Amino acid sequence: MNDRTALVTGANKGIGKHIARLLAAGGFTVYVGSRDAERGRRAVAEIGDGALALDLDVTDPRSVAAAAARVDRLDVLVNNAGISVSLDPPQASGVAEFRETFETNVFGVVAVTNAFLPALRRSARPRIVNVSSGTASLAWSTGPNPQFLTGAGGAAAYRSSKAALNALTVLYALTLDGEGFKVNALAPGARATDLTPRAAALGGDPAEGAEGAVRLALLPDDGPTGGFFSWDGTPVPW
Ligand code: NDP
């Protein structure tokens, strides 16, 4: 087993699979989190050396506990698993849409992060990367030219869930600061995946978005914490 270990949630496809592939290529032993065991095994076979399958449904407390029990020390946690169930603005959204979205994008991150904190605390250089979205930026949303595929007030449940994830990023960063952690949020850019098929029109390569997560996973000790960064490293306004 390699010295450095990483866990990427929702790594069986999309941006997460690229993050896992890049970290494995960089010498990490990477736990490829997947809520479906078969899909996880297929991704591990594709990634090859350094990849290990880890059954992990971030919304299922028993799954989270069982996954955490398998990992002794963790250097990098990438909270990547995410869903978007509708593009509705808030007044057309039901509470159920918000609840379902927050269950994965927010509560799932809290559950996974808390469960893996003991393993992260065994790392000399613990890093947490929360895969957020530029559409969660309130500054960009209210700016002069919000060029989002979601439309002005659309995808309310998704965007507010990622804004909550951004808040959690700051709060984890503040409380873990004295322990050497770096906790940052990533806006990977519009990428052609099952979550955002329309991004294909923009030519958004998911591998490029994944590079941003790797940059934040490899931050040096004097790197930033509690920040929000685009895939290319430029800061995103909250
Ligand atoms: P995909 O739909 O391709 O991948 C999402 C991944 O999350 C899948 O592996 C999916 O598993 C997994 N997942 C969903 N729910 C759970 C769960 N309960 N437990 C474990 N895994 C789960 O989307 P992307 O690759 O595009 O998205 C990755 C991240 O990037 C998300 O957080 C998304 O919000 C964010 N993002 C994406 C953008 C884009 O343009 N694509 C832009 C901005 C942010 P399964 O295969 O089983 O469904």
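Q: Which residues does S161 touch, leaving out those up to four places away in sequence?
A: In this predicted model, S161 touches T101, F102, N105 and V106, with residues up to four places away in sequence left out. What makes each of these a contact is that the two C-beta atoms lie within 7 Å.

Q: Where does S161 lie, and what makes S161 buried or exposed?
A: S161 lies in helix 6, residues 156-176. Burial takes 20 or more other C-beta atoms within 10 Å; S161 has 27, so it is buried. S123 is 38 residues from S161 along the chain, and their C-alpha atoms are 29 Å apart.

Q: What makes L138 buried, partly exposed or exposed?
A: Exposed means 12 or fewer neighbours and buried means 20 or more. L138 has 13 other C-beta atoms within 10 Å, so it counts as partly exposed. L138 is in helix 5, residues 138-141. Apart from residues up to four places away in sequence, L138 touches A163 and W238.

Q: Which residues touch the most other members of the largest nonpolar core?
A: I19, L23, V32 and V78 do, in a core of 58 residues. Helix 4, residues 95-121, gives the largest share of this core, 7 residues. As for V32, its contacts beyond four places in sequence include V8, A20, V44 and L54.

Q: How do you know whether the span of helix 1 agrees with its number of residues?
A: Helix 1 runs over residues 14-25, which is 12 residues. At 1.5 Å a residue the span should be 16 Å, and the end C-alpha atoms are 17 Å apart, so the two agree.

Q: Which helix supplies the largest share of the shell around the ligand?
A: Helix 1 does, with 3 residues. Helix 1 and helix 4 each supply at least two residues of that shell. There are 31 residues around the ligand, and G10, G14, G82, T193 and L195 come nearest.

Q: In what order do the strands of the open sheet run, and is the pairing parallel or antiparallel?
A: The 7 strands go 3-2-1-4-5-6-7, and the pairing is parallel. Strand 3 (51-55) and strand 7 (228-230) are called edge strands, as each pairs on one side only. Direction ignored, neighbouring strands are turned by 25° against each other on average.

Q: How do you know that strand 5 and strand 6 pair?
A: Pairing needs at least two bridges. Strand 5 (residues 127-131) and strand 6 (residues 182-187) have 5 bridges in the parallel sense, so they pair. V129 stands opposite N184 in strand 6.

Terms used. Residues are numbered from 1 along each chain as its sequence is written. This is a predicted model: local features need pLDDT of at least 70, side-chain atom pairs count only at pLDDT 80 or more; totals for chains, interfaces and linings use all residues. Helices (H or I, at least four residues) and strands (E, at least two) are DSSP runs, numbered from the N terminus. The expected span of a helix is 1.5 Å times one less than its number of residues. A nonpolar core is a set of buried Ala, Val, Leu, Ile, Met, Phe, Trp, Tyr and Cys residues joined through C-beta atoms within 7 Å. Axes are lines fitted to C-alpha atoms, for helices over the stretch in contact, and angles run from 0 to 180 degrees between N-to-C directions. A residue is near a molecule or strand if its C-beta atom, placed from the backbone, lies within 6 Å of it.
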